[in-house]
Amino acid sequence: MTNKRLKWQSLLPDTTPYQALFARATQLAPVICSEVQLRLTSSIKLFCHPQSKSRFMLIKAQESSDYLTLIAQIIKNSQSKPPVLYGGDYQIQNDQITWLAAQKGYELFATKTTCLYQEWVEPEQLFGCVRRHKDQISLQPGLIHQVNGGVLILAIHTLLSQPLMWLRLKKMIIQQRFEWLSPDEKCALPMVIPPIPLNLRLVIVGDRHGLGDFHDIEPELSKIASYGEFETQLPLNNIDDMSLWCSYINGLQEQNQLPPLANDAWPVLFQQAVRYSGDQHCLPLCPQWLSHQLTEAALHQETETITANTLNIALNNRHWRQSYLAEQLQNEIELGQILIQTEGSVIGQINGLSVLEYPGHPSTMGEPTRISCVVHLGDGEFVDVERKAELGGNLHAKGMMIMQAFLISELALEQPQPFSASIVFEQSYGDIDGDSASLAELCALISALSQQPIQQQLAVTGSVDQFGNVLSIGGINEKIEGFFEVCQRRGLTGAQGVILPTSNIRHLCLHQAVVEAVKNEQFHLWAVDTVAEALPLLTGLPYSHENQTNLLGIIQERIAQVHMHDRRRPWPLRWLSWLH
């Protein structure tokens, strides 16, 4: 299989099939969340069914008001029957308190709504409180009284942070009875207060880590609770899926009272959405991110609609505001403080690509990393310097071992491998993890063993398996753009580019500057499926060939020469050489 140089059209999602739809997308009827979140809607309908015995439901979603609002909308739409009147009021006379069931619905402790949500709640706000002033007692209702007979939605960190509140709430829901407790454990209630019948269902919303912690605390409850997930992406399989997504956008605009999108704005928003989802065949459904994009664009609005130019201005301004750290990294490379070579050829040195995440920074950034490998006579050990220095993570160590296993298998040696190697990420001063550099490390190792130089005008990213297949990695857009920025600052030569896995083509959604450079053949991208496809691009020699000089043959010949040299030496001298 030959390598594939990518055309500029594949660097952005193809909007051609949807142009007719984009021309009328604004006129599509808005859809509510339940029409998009079909799995979640189905789970909630079963949970809210009057005959359902389940009192608890866990939903995997972000714990923000945007998500809680949409979940509350789905729950309200799932409550088909008219609400039953729950609750009532207390009658206080002298030293006696009597409970009276609700008759009209305006009583203090009567149900006010069928669904409520809170990101954070305190015990007094949730359960109500008993107040005493000058021998006068008053009872204040809490959220569970307002939503008695309905569904209460709480963020999971609220319950994990207040375990005593959670234990009390769980007991009340299971026993279906609300009992008053004194706020001061040392003092009893001033008088006996009758309990209240409670018919409440609880929905707990959190991410996977939060739900995992909750499962550790309440393993039995987690097993019997209903479960649902807020799907963050919509698979794009046909025109109907795109139509549904556009209607969803119209629904968010209507909900947030935002101006409509112009016809030319839809392709731009589509590209930004693909960039966010990381897949040309998936569109984001995150209400928080989508609302943020539309709201920020509306701030730059000059007409009655949000145009393509408006979206681009908002995007460019955001990129400029957040680019200070990335510019500092690029300046360090330009000034030579971080050594990255983009010209010439070097044995055992290659430009890998990394994605950097800094605490507190809102986005990731790509940066080239110089990976070097040196080889010497030894016992065949491949030293991962990052691992030895305790800077390499488990995933990085796994990638190193996989690529070493592949090379040893390819050499098919009958005798021990006589060369030892040392591989390192140069000028890295923090932890490194992930296997996305294993292809680059393997190429550097093969270059050092064969003594064949690697083109420094190219950068490489991708992981490998034990059969030499190149596998997809994350952050492909940021990695390509990070290396492109270095090359652009130094001047594009027309020979620079990036080697990437073929399986990552569907994840490409690059900045327009990179697309234009590829279109003008000033910068190149090559997609490869195997290690054998990447090495000829880097070294100019085939990896393996029957009739031509090839890298694998050169390595095998070097190893054979070392073994032949050892066989000619007396065995005591060979033994001494192994000791040293």
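## Close-up views of a predicted model

**View 1. An aromatic cluster.** Tyr90, Trp99, Phe109, Phe178 and Trp180 come together as one aromatic cluster. Before you explore further, please keep in mind that this is a predicted model. By the ring-centre rule, with centres within 6.5 Å, the structure has 15 aromatic pairs. Two of these pairs get views of their own below.

View 2. Strand β3 (residues 88-93) pairs with strand β4 (residues 96-101) in the antiparallel sense, over 6 bridges.

**View 3. Phe22 and Phe270, a tilted pair.** A pair of aromatic rings is described by the distance of the centres and the angle of the planes. For Phe22 and Phe270 the centres are 6.1 Å apart and the planes are at 50 degrees, a tilted arrangement. This pair links distant parts of the chain: Phe22 belongs to helix α1 (residues 19-23) and Phe270 to helix α11 (residues 265-277), 248 residues apart.

**View 4. Phe484 and Phe523, an edge-to-face pair.** Here the ring centres of Phe484 and Phe523 lie 5.2 Å apart with the planes at 85 degrees, so the pair is edge-to-face. Phe484 sits in helix α18 and Phe523 in the loop between α19 and β25, which makes this a link between distant parts of the chain, 39 residues apart. Phe484 is buried at a relative accessible area of 3%, and Phe523 is buried at 0%.

**View 5. The buried side of helix α19.** Which residues of helix α19 (residues 512-519) are buried? They are Val514, Val515, Ala517 and Val518. These residues lie on the same side of α19 because they cover an arc of only 165 degrees around the axis. Their cover includes α18 (476-490) and β25 (524-528). After α19 comes Glu521, with a positive phi near 60 degrees.

**View 6. Two charges over rings.** Lys519 lies over the face of Trp8, at 4.5 Å from the ring centre. Elsewhere, the charged end of Arg168 sits over the ring of Phe127, 4.2 Å from the centre of that ring.

**View 7. An open sheet of 8 strands.** Follow the strands in the order β1-β25-β24-β21-β16-β17-β19-β18, and you will find mixed pairing along the way. At the edges stand β1 (4-5) and β18 (382-384); each has a single partner strand, so one side of each is left without a neighbour in the sheet. Further in, strand β16 (residues 349-356) and strand β21 (residues 458-460) pair in the parallel sense over 2 bridges, and Gly352 has Val460 of β21 as its bridge partner.

**View 8. Helices across the sheet.** Helix α16 (residues 394-411) lies across β18 and β19 (419-425), and runs at about 165 degrees to β18. Helix α18 lies across β16, β17 (365-377), β21, β24 (497-501) and β25, and runs at about 80 degrees to β17.

Notes
Residues numbered from 1 in each chain as written. Predicted model: local features only at pLDDT ≥ 70, side-chain atom pairs only at ≥ 80, totals over all residues. Heavy atoms only, no water. Buried < 20%, exposed > 50% of the residue type's maximum accessible area, 1.4 Å probe, protein only. Helix = DSSP H or I, 4+ residues; strand = E, 2+ residues; numbered from the N terminus. Arc of directions from axis to C-beta. Contact = heavy atoms within 4.5 Å. Phe/Tyr/Trp six-rings, centres within 6.5 Å; stacked < 30°, edge-to-face > 60°. Lys NZ or Arg CZ within 6 Å of the ring centre and 35° of its normal. Pairing = 2+ DSSP bridges. Axes fitted to C-alpha atoms, helices over the stretch in contact; angles between N-to-C directions.
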